[in-house]
Amino acid sequence: MTCKIKTLNNNNRMSTQELLQTISRKIEEGVTDFEIDACGQHDIGGSCWSKEGKPLKFTITNPGQRVGAMAMDGTKIVVEGSAPADVGWLNSGGEIVVKGDGGDTSAHCAAGGKIYIGGRVGTRSGALMKHDPKFEPPEFWVLKNTGSFSFEFMSGGIAVVCGDGCGELPSVLGNRSCVGMVGGVVYVRGKVEGLANCVEKVKLDKLDKDFLKSGMELFLEKIGRLELKDELLDFSKWVKIIPLPKELKEKKISVKEFKEKEWFKEGLFGDLVEDDGAVYELAQTGDGRLRKPVWDEKLCVGCDLCLSNCPQKAVIKEDKTYKSVDEKCIGCGICSAVCPREAWRMV
Amino acid sequence: MAAVKVNEIHKNDLPWIIEYDESKCIQCGKCVAACSFNAIRPAVELRKSNSITNKGKTERVLVIKQNISLDNYCRGCGMCANVCPNGAIKAVRNRDDKYSVVYRAVKADSFKKGGRSNLNTEGRTLDKIKIGRISQMTDPSLDAQRHTFELRTPFGRVLKADKLNFGKEGEALIETSKLPPNRWIYPVIFGDMSIGAVSWRMWEAMAIATAYLNEVMGIPIRMCTGEGGIPTKLLKSRYVKYMILQIASGHFGWNRIIKAMPDMTEDPAGILIKIGQGAKPGDGGLLLASKVARYVQEIRGVPKADLLSPPTHQGLYSIEESVQKMFLSMNAAFNFKVPVAIKVAASVTSVSVYNNLLRDPYNIVGGFFLDGLAAGTGAAHEISLNHTGHPITSKLRDCYLAAVHQGRQGEIPLFAGGGLGQSGSFAADAFKLICLGANGVFTGRMLMEIAGCVGSDTGKCNACNTGLCPAGIAAQNDNLVKRLDVDKVAQNLVNYILATDIELKKLMAPIGCSSLPIGRSDALITVDKHISNRLDIQYGC
């Protein structure tokens, strides 16, 4: 039995609360099929279910915002004509068909079910769509184009934007779509410009084509545009948008590579200073020492204290000549400190 | 044993005392080898033996001792502790030191130091300001990580809409006369540290980081060269377009710049006329002879001597004259294609200068850089560093509001610097100054910190004037300079700017701004009533 509800009688408009409570009551009475002549009431078709688990069907004209918001498994909604913002917001399993256009943020946060739009949708549509792996992914089909910022922060699910009749548009997805997209896939037919840099456009593979073939016919049938099938299934104009893998997103040459490839070969100061680029230790040997020991034969008494105290074993003795080996000495001055006759001087 | 007399220099006179634990020391000598200040030495002490076999006899013990000297004294840099394998040695602050008295009394000279102002009597105004206007229901906040933001700011003279010289040629919009040059740049400028003030490795690391941020990361940051000459090959390279060339009163290095002009393939990013600097306002540049290394002599065209830039540009006696001579000539030098800005120390008189510049009849004043008293310096007399100057915040605000009252804000972009990041968050300081009216900020001290400076605002190290910088940043001793790892410093500078970029967006997003909130002082509150009154921002408690 179909329950017909007319929400405008003699210029008296039924409030949203009254309409939604009427629908609830009728469902409890066993009604599963509604024809609603709405007058801008919001949230029609959402968050309702029959206790017996029977499917519910809504045919709606002139709905308000959020038609099919929080729609559940088993709910089918058909909007004859267009619907304003938030069609299928948080859709969890419903099948929502809008034969005309959808408003802004259509399919926002949808995580289940299917949304079919027979025209275009507004800005931020498909934003934050998600996919819970325990259930089927949400699908969001649009015949024409989306507004800017669509699929923002999308993290799962499948969107299909067919670009029908959009040849004149600079971009079928508006500008700055897919910002912050981390999951899911958007299939698009036609020109796409101004995408966020966190996603990439790739060619369709066989699985993609199979999906579109099987889904397209159903979609076009739902919106009553089957005549477009052959044109829309010409895969030459389709691309798939997916998020870039993290490692690709951050793939930039390092500063060291930049220096090696792009910077001055001998260094910026190569013709002014001698610098091979070696990085010295705090206690450096060789020419890098801050101070060096110098031995004076005339003062030496040959007591060997320098020899035995040098921590680096840098002091060596050949016959009666002492020497500090540059490659070992760090210039600590212990040889000089322990020498009873100042035969070692630090310079 | 040498006699000890009262009027000699004693360990307790010195600002840092070496704490040495003989029981942990293995006498490896590394602490002494590492000390660039020659503040410690190995020494042999004579002791009475306690061992059973030698009891009562004198024995010689090798230890590490602190040098007691007015010249080679410990600056507390901590390199000895860093290099010691056993934690046997460290420098400990001497709270009761007499160094500043003894130095003046013995040397009859003003005490010189580099680094930062160490008194900090003024406190930090910026820390008492919070970002208090958070968009929630009034207008949506943005997503800092994922939304797109425009962080660029104009550098160069900005004309009011009714002064733009546009006309029509057929259907096309054309410029009827030339517009002043203007560049859209990142709101952080690598602040002017000269070759000489910093080591060649430090300077090159800054230049590489600048080039990398521009060419790889797409961040249009600019580096001001400081006034110590510029390598000719940089001038002739494409990288010069990221460089703001500085001219100060010493005019060091300009001979090579002029000679390179015919071979320059790109215009520089801008010219900065340095009149004064925040750390020693009213004083000219100072590079002590110990830092005038051979290559510094060459590039600047000077002998090895103390290099003192005059406190003012000789031949300039008034603001009007400075506009006419410096601005006109510097604009003319690059055929009026390069923005020319001016840098002065923040001062009670800053607003007069800014007001005068705002009259700029020739549209040649491309920016006003204000440098506050907490800025760093390569070398200054302590008396200037600690006792002269003006905090940046209120003076920046004064200049901005002076322009607002004439309806001319934004026409001459304001850039602020001086102690930014002192309490740990450079981005927050930058953001607050931008909200108070700055188009951008400049910093030198943060770059030093990022490069591994061991100094502090409370007197640690601060020996930039000596050329003995233990980190190789402000050093001019070859072996110390070579301690600095150019690749790492450049990468760390890049990383810090990337972090700053994230943090700036993290502050722009909650106030709902996707472009720089220049002058958006309504975004700020302060918990201090005086600051609220002085800066004309909301008081919150």
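**Entry 1**

I began with the contact inside chain B, where eight residues of domain 1 of chain B touch nine residues of domain 2 of chain B, two residues being in contact if their C-beta atoms, placed from the backbone, lie within 7 Å. This is a predicted model, in which local features need pLDDT of at least 70 and side-chain atom pairs count only at pLDDT 80 or more, whereas totals for chains, interfaces and linings use all residues. Residues are numbered from 1 along each chain as its sequence is written, and chains are lettered from A and ligands numbered from 1 in the order in which they are written.

On the side of domain 1 of chain B that touches domain 2 of chain B I found four nonpolar, three polar and one charged residues; Ala, Val, Leu, Ile, Met, Phe, Trp, Tyr, Cys and Pro count as nonpolar, Asp, Glu, Lys and Arg as charged, and the others, Gly among them, as polar. Domain 1 of chain B runs over 11-109 and domain 2 over 126-171 + 182-539, with bounds that come from an automatic or database domain assignment. Their C-alpha centres lie 41 Å apart.

**Entry 2: overall form of chain B**

I looked up the secondary structure of chain B, which comes to 16 helices and 23 strands; helices (H or I, at least four residues) and strands (E, at least two) are DSSP runs, numbered from the N terminus. The C-alpha trace of chain B spans about 110 × 60 × 45 Å along its principal axes.

**Entry 3: a sheet in chain B**

I then followed an open sheet of three strands in chain B, with the order E6-E22-E23 and mixed pairing; two strands pair if DSSP finds at least two bridges between them. Strand E6 (129-131) and strand E23 (538-539) of chain B are the edge strands, each pairing on one side only. Strand E22 (residues 524-526) of chain B pairs with E23(B) in the parallel sense over two bridges, and Gln538(B) in E23(B) is the bridge partner of Ile525(B).

**Entry 4: overall form of chain A**

For chain A I noted seven helices and 17 strands. Chain A is more spread out than a compact globule, because its radius of gyration of 38 Å is well over the 20 Å that the globule rule gives for 347 residues. Its C-alpha atoms fill a box of roughly 125 × 45 × 35 Å, taken along the principal axes. The domain assignment gives domain 1 (2-249) and domain 2 (272-346) of chain A, and the C-alpha centres of these two domains lie 81 Å apart.

**Entry 5: the sheet of chain A**

I traced 11 strands of chain A in an open sheet of mixed pairing, in the order E1-E4-E5-E6-E7-E8-E9-E10-E11-E13-E12. Strand E1 (2-6) and strand E12 (199-202) of chain A stand at the edges with a single partner strand each, so one side of each is left without a neighbour in the sheet. The twist averages 15° from one strand to the next; axes are lines fitted to C-alpha atoms, for helices over the stretch in contact, and angles run from 0 to 180 degrees between N-to-C directions.

Within this sheet I checked strand E6 (residues 75-80) and strand E7 (residues 92-98) of chain A, which pair in the parallel sense over four bridges, and there Ile77(A) stands opposite Ile96(A) in E7(A). Helix H2 (residues 206-223) of chain A packs on the sheet, touching several strands, among them E7 and strand E8 (112-117) of chain A, and its direction makes about 65° with that of E8(A).

**Entry 6: where chain A meets chain B**

Helix H5 (residues 255-262) of chain A packs against H4(B) at an angle of about 95°, with their axes 10 Å apart. H5(A) and H4(B) are therefore roughly perpendicular to each other, a term for angles of 65 to 115 degrees, while those under 35 count as roughly parallel, those over 145 as roughly antiparallel and the rest as oblique. Val255(A), Phe258(A) and Lys259(A) in H5(A) meet Ile208(B), Ala209(B) and Tyr212(B) in H4(B), and the residues of this contact divide into five nonpolar, no polar and one charged.

Notes: Rg over C-alpha atoms; globule rule 2.2 N^0.38 Å.
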